[in-house]
2 protein chains.
Amino acid sequence: MGINLTNFLVSKSQNRKMGQFQDLDHLDGLSVSSVSANLYDSKRDDLAMFYFRDGANFASIYTQSKILSENIKWNLSQKTQKIYSLLVNTRNANSFTGEQGYRSMQSIAELVSKQLTEKQKEDEDDPKIIKPKNIIFGCTGTIGEKFPEEKIKSKIQDLIKNIKYTQNKYIWMKVALAIMTTDTKPKIAMEECKIGNTSVKIYGIAKGSGMIQPNMATTLGYIFTDADISNDVLKKLLKKNIENTFNAITCDGDTSTNDMISIFSTGKAKNSLIKTINDKKIKLFEESLNKVLLNLAKRVVADGEGASKFITINILNSKSEQDAKKIGFSIANSPLVKTAIAGEDPNWGRVIMAIGKSNVDINLNKLSIKFGDLIIVNKGRIYNQYNETDAANYMKGPAIDISVDIGNGKKNFTVYTMDFTKEYININTDYRS
Amino acid sequence: MGINLTNFLVSKSQNRKMGQFQDLDHLDGLSVSSVSANLYDSKRDDLAMFYFRDGANFASIYTQSKILSENIKWNLSQKTQKIYSLLVNTRNANSFTGEQGYRSMQSIAELVSKQLTEKQKEDEDDPKIIKPKNIIFGCTGTIGEKFPEEKIKSKIQDLIKNIKYTQNKYIWMKVALAIMTTDTKPKIAMEECKIGNTSVKIYGIAKGSGMIQPNMATTLGYIFTDADISNDVLKKLLKKNIENTFNAITCDGDTSTNDMISIFSTGKAKNSLIKTINDKKIKLFEESLNKVLLNLAKRVVADGEGASKFITINILNSKSEQDAKKIGFSIANSPLVKTAIAGEDPNWGRVIMAIGKSNVDINLNKLSIKFGDLIIVNKGRIYNQYNETDAANYMKGPAIDISVDIGNGKKNFTVYTMDFTKEYININTDYRS
């Protein structure tokens, strides 16, 4: 399953390269490479390397879970200003693997840094010495299984051998496929914009909420730019722009031990370094970054397990953004709302129920609800021209927009989710083996 | 579907009357009656009257939803010490019905109180004048549809005509069936105990979380006793004992606008009136009340839509009861945990995920997890004798016990839920009409 997004999800500018996917090409200072380390006992690529030949500034945001995977513990404990490589494996989450899992990170980082240092000596005029702390990891897959350290180490040389200094859309597609677990489609997005007079690129890939085998709903999102931006500004930009993108999506309300969104900046576009978030030159960049993040986040939702409908929930005119968020997620996470939408039933009573249970004080007499452009509830009453046949027809489309106007303030928040189908249960009741 | 509870849910004492249901008989001071008001366009009973000929002390606890149905608004605004009748209808929740819905309550209460006053004059030596404020309502069913005031009013006379002053198990079964929506089984429970030297009865009926048509997950639970207990003590007892019974169950995490649990005390057992919760004579009564509430709550879960497994989640040795509750509900409401159990997969990784996302600080090195008697995780590590075949066999049973020992305190909490099956989705994706 999975929803075809071409017609309603990607904005015209985002879709300018035509076709279902935007074509990513060369981003100066970054090379990508992927191989099969046979982690799935199949020939699919399952190990990806992102290599920054001159290092990259970076920032990461990790899962809110109180239980962290070992790779995230590794990433958090490396104190460095530059990353030279991000290594991503699938099939094994390196979660609940204890000391062995952490030592594997150490050992692989040592090997990668050593071999990349060799590569620097061969390729660069001004070779750098790369250290283990310059390497970070993304892991996704089964938790509680021994981390396949040896299998991965045996493929590092191949990964590095595959590195090309100019990327094209085929290399990007290959790497986007390599980081998938049960995703049915790769997730790729891009924008271009200016910082001052300098053109810069923002590329992103992600994987979504495949959850069998017994994966968690791990979300991995990696953003790359050739702009020159300090670590501190990258962190602030990411934190701020994740709020209405990756933090505004929900598939089933579950959270993984491995979620990770990172941004890397190679600086090769040679704009003058952005050192403060207050620099006005960053405005267009921030808008474009938000578009890339939102595009990827929507693709994650649209490819949610068993999804047949893409659902946008707009909460309008709320007293605070926090209240709007609470109401939005209460609707988006309600199994009763999600199953009604799967059944193409304009069951607005369940939306009312979900608003009621969100624990936000509301004035019913000010509440209005629309499905698409159809007014259902108008200031606390069923709209006098409400016609269930129209509403039922509306529910047949692949994109359902629900607007809830709270009418007691000026804050809005939008949540994105998908429906709850038989296919979701089929996928998730499957025994792992 | 629905799970047969006889073998594992009902304790021996609760089951002493044999068979799947306990037999309720006469409870002095209470008459029950039910009819069909044709609310479903079928001949099923859908309207039930509970009549207290000499009035009853009472207490109620209502939904936590911020949106209240009109009957609950009615109940909350009646200031009275005695209830003479509880009237329960199905098919229409009287929620989001506005003034018409509230005025219907007023109008029906006027009719019921008038006709019951007539009955008092006919039957009683010391007839009482019953007022509208002495009548309360339970409603469950569709929200947003016009409340069927006339249909209900036309059947009040029949309801009253049906009243018998001695009840038996058939009358109770009939009324337990009348309050069902999509429940597949009636829910009945009873206990007997002593207050001082006086034997007293505690009877209860409930309806559960049927959610189609488009009903909400409305839970109605009504407890009746012939003990003599003040309104204030009833309220305190109910509030306290709902915590680890009806507030410890979850089907899909959704909350209705109509939930209502009430207790009525006729005083006919003639114990000396209990005026304070500190009265030691109430101890056995409270234990029995808790058993009745827990028995009914478990039946609601076991009959949750599409349920094939009854799941008990014990959180042990937590720092606070609140933490234990958060972790318990995080596991119980996780679609990934619930689907794994439906698939008979001992997927403890998803339990870890749900613990992690509960937002409670835990020390992984102290965490232990058991499925039934099988140790899975022992102090933060996979147990060295863990054998997945045994665990997979365990998952085949109809009752799954998951114990999570947090190891950082002394507080426990138990949550009850059911699994998430294809049948749940089938039921809830069905279009209403």
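Over chain A the average pLDDT is 89, and 91% of the residues score at least 70. For the complex, the predictor gives an ipTM of 0.76 and a pTM of 0.83.

This is a predicted model, in which local features need pLDDT of at least 70 and side-chain atom pairs count only at pLDDT 80 or more, whereas totals for chains, interfaces and linings use all residues. Residues are numbered from 1 along each chain as its sequence is written, while chains are lettered from A and ligands numbered from 1 in the order in which they are written.

**Helix packing**

Helices (H or I, at least four residues) and strands (E, at least two) are DSSP runs, numbered from the N terminus. Axes are lines fitted to C-alpha atoms, for helices over the stretch in contact, and angles run from 0 to 180 degrees between N-to-C directions.

| Helix pair | Angle between axes | Axis distance |
|---|---|---|
| H12(A) and H9(B) | about 70° | 8 Å apart |
| H9(A) and H10(A) | roughly 160° | within 9 Å |
| H1(A) and H2(A) | roughly 50° | within 8 Å |

Angles under 35 degrees count as roughly parallel, over 145 as roughly antiparallel, 65 to 115 as roughly perpendicular and the rest as oblique. A crossing is left-handed if the near helix is turned anticlockwise from the far one by less than a right angle, and right-handed if clockwise. For the classes of residue, Ala, Val, Leu, Ile, Met, Phe, Trp, Tyr, Cys and Pro count as nonpolar, Asp, Glu, Lys and Arg as charged, and the others, Gly among them, as polar.

Within chain A, H1(A) and H2(A) are therefore oblique to each other, and H1(A) passes H2(A) in a right-handed crossing. From H1(A), the residues A:Glu70, A:Asn71, A:Lys73 and A:Trp74 meet A:Gly101, A:Tyr102 and A:Met105 of H2(A); by class, this contact has three nonpolar, two polar and two charged residues.

H9(A) and H10(A) are therefore roughly antiparallel to each other, with H9(A) passing H10(A) in a left-handed crossing. H9(A) contributes A:Leu336, A:Val337 and A:Ala340 to the contact, and H10(A) contributes A:Arg350, A:Val351, A:Met353 and A:Ala354. Six of these residues are nonpolar, none is polar and one is charged.

**Sheets**

S8(A) runs parallel to strand S15 (residues 411-418) of chain A and is joined to S15(A) by two bridges, and A:Thr250 stands opposite A:Thr417 in S15(A).

Chain B has an open sheet of seven strands in the order S8-S15-S10-S14-S11-S12-S13, with mixed pairing, and the edge strands S8 (249-250) and S13 of chain B each pair on one side only. Two bridges join S8(B) to S15(B), and these strands run parallel; the bridge partner of B:Thr250 is B:Thr417 in S15(B). Helix H8 (residues 321-332) of chain B lies across S8, S10, S14 and S15 of chain B, at about 20° to S15(B).

**The contact between chains**

The contact takes 50 residues from chain A and 49 residues from chain B. On the side of chain B that touches chain A, helix H9 (335-342), helix H10 (348-356), strand S13 (381-382) and helix H12 (422-429) of chain B each supply at least two residues, and H10(B) gives the most, with six residues. By class, that side has 20 nonpolar, 17 polar and 12 charged residues.

One helix pair spans the two chains: H12(A) and H9(B) are therefore roughly perpendicular to each other, and H12(A) passes H9(B) in a right-handed crossing. In this pair, A:Ile425, A:Asn428 and A:Thr429 of H12(A) meet B:Leu336, B:Thr339, B:Ala340 and B:Ala342 of H9(B), a contact with four nonpolar, three polar and no charged residues.

Notes:
Contact = placed C-beta atoms within 7 Å. Pairing = 2+ DSSP bridges. pLDDT = per-residue confidence, 0-100.
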